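Trainee: I'd like to learn how to read domain contacts and salt bridges in a model. Can you walk me through it?

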Amino acid sequence: MNTSSLAHQFLLRKDICFLNFGSFGACPQPIFDAYQAYQRELEADPVYFITQSGPAYIKAAREALGQYLNAAADDLVLVTNPSYAVNIVAKSFALSPGDEILTTNLEYGACDRTWQYYCQKAGAVYKRQAIRLPLESEQGFLSDFFAGVSSRTKLIFVSHLTSATGLRLPVEAICQKANALGIPCFVDGAHAPGQLPLDLSGLGAVIYTGACHKWMMTPKGSSFLFVDKKIQDQFDPLVVSWGYQALFPSASRFQDYHQMQGTRDFSAFCTLPKALQFMQENNWPAVAKACRQLAHAHAPALAHQLGSHLLAPLTDEFFGQLVSIPIRLNKISPEALHDDFYHRFRIQIPVMRQGNDVYLRYSIQVFNTAADLAQLAAAIDTLMKENTILPLD
Ligand SMILES: Cc1ncc(COP(=O)(O)O)c(C=O)c1O
């Protein structure tokens, strides 16, 4: 682990080599302190916090987030996680029998299941277009993907950065092409905010969700859903509460419907301005760039060691701070291999399934160093010698 002052601000235990920032993020001390301060404020006067100061903090959080994402604050609602956001959309999205939602075969399991569930209920088709890996070019991806468009395609749903395969997909080009065809796009940007610069007004996606508790480092349970004003009224609240037929409606029905969800601890949302301040004070674009460089620098050697290959050309076009390498296991499940990495080698790293394939994915955050990747390489060396992992290619 890095010993820089920034690295020291994370609360992660020091005896584990933490190469899985991607799953749930991790919160630096100043942001966590702000979180606990909000929770103490809540407990000191629950009524005042939940009815008065809390909503004002949420508004400030949406405004700060809107500035960061280049979106109007009222077009963003704060939700617990991207699964929640996908559920809001999928539950209300008007689908008739035979309609199609076009997606890739690289999507996150929870979102995949949500769309599968609602499409099945409506008699619609959730079409997982096969993408050839390794990716060779943006054009190659686009032709694979858009081959799945038909006259019944009602929506495109696609990850900005994929989960198991850790790939950055060309969402700008996807949205542009989809808009030209008159197909609306919903981008699952769970991994994007804090890792990539985002411009929601310029992207061309009518719906976008992102997690704040991953790469923006807020406490768990803070994410957002962006919906273009033109289609906000299509979406019912997932939990119907006081915001439906509100006694005192605000200027935005979208806010009333999705922000008022009954009693809950929304302290994590309130920390967004603090997280954005932390990122700004520490020049986060430069931090993210250095992390990408470290992640990419070690990728070819690790892939070679695993007898495998990278999933795309090693550029910022296709990779962020996640690198995922396909692997071949010998008589061990991905879950058991994960546990082995953790208990035997003291490395927290996900071994992920996507379809029939298995991937070893590492994440690089500011606290990681080359020594962490050397520790990973040493563990891989042992696992290959033991024939637990076999060469893939
Ligand atoms: C691509 C992608 N989408 C969505 C999610 C969101 O998951 P959750 O709703 O459980 O936070 C993740 C989590 O890792 C993800 O990788």
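This is a predicted model: local features need pLDDT of at least 70, side-chain atom pairs count only at pLDDT 80 or more; totals for chains, interfaces and linings use all residues.

Trainee: Let me back up a step. Which residues make up domain 1 and domain 2?

Mentor: Domain 1 takes 5-29 + 283-390, and domain 2 covers 32-278. Their C-alpha centres lie 26 Å apart. On the contact itself, domain 1 supplies 37 residues and domain 2 supplies 30.

Trainee: And how do I put a size on an interface?

Mentor: Interface size is often quoted as the accessible area lost when the parts come together. Here, about 2800 Å² is buried between domain 1 and domain 2, and carbon and sulfur atoms give 58% of that. On the side of domain 1, the residues that lose the most area to domain 2 are L311, F318 and Q354, together 22% of what that side buries.

Trainee: Which elements give two or more residues to the side of domain 1 that touches domain 2?

Mentor: Those are α2 (21-24), α13 (284-305), β9 (322-329), β11 (351-354) and β12 (357-363). The largest share comes from α2, with four residues. Sorted by class, that side of domain 1 has 20 nonpolar, twelve polar and five charged residues.

Trainee: Now salt bridges. How many does the structure hold?

Mentor: There are 17 of them. To call one, look for a side-chain nitrogen of Lys or Arg within 4 Å of a carboxyl oxygen of Asp or Glu. Take K59 and E63, whose closest N and O atoms are 3.1 Å apart. Both sit in helix α4 (residues 46-69), four residues apart, which is about one turn of the helix.

Trainee: Where does R62 of helix α4 find its partner?

Mentor: R62 forms a salt bridge with D74, the closest N and O atoms being 3.1 Å apart. This pair links distant parts of the chain, with D74 in the loop between α4 and β2 (76-79) and R62 in helix α4, twelve residues apart.

Trainee: Why does R62 count as buried?

Mentor: Because its relative accessibility is 7%, and buried means under 20%. D74 is partly exposed, at 32%.

Trainee: What about R353 and E335?

Mentor: Their side chains meet in a salt bridge at 2.8 Å, N to O. R353 is in strand β11 and E335 in helix α14, 18 residues apart, so to speak a link between distant parts of the chain. R353 is exposed, with a relative accessible area of 51%, while E335 is partly exposed at 41%.

Trainee: Which residues are linked in a network of salt bridges?

Mentor: R13, D15 and R346 are linked that way.

Technical notes:
Residues are numbered from 1 along each chain as its sequence is written. Side-chain values use heavy atoms; hydrogens and water are left out. Domain bounds come from an automatic or database domain assignment. Contact means heavy atoms within 4.5 Å. Buried area is the accessible area (1.4 Å probe) that two parts lose on being put together, summed over both. Ala, Val, Leu, Ile, Met, Phe, Trp, Tyr, Cys and Pro count as nonpolar, Asp, Glu, Lys and Arg as charged, and the others, Gly among them, as polar. Buried means under 20% relative accessible area, exposed over 50%, partly exposed in between (1.4 Å probe, protein chains only).
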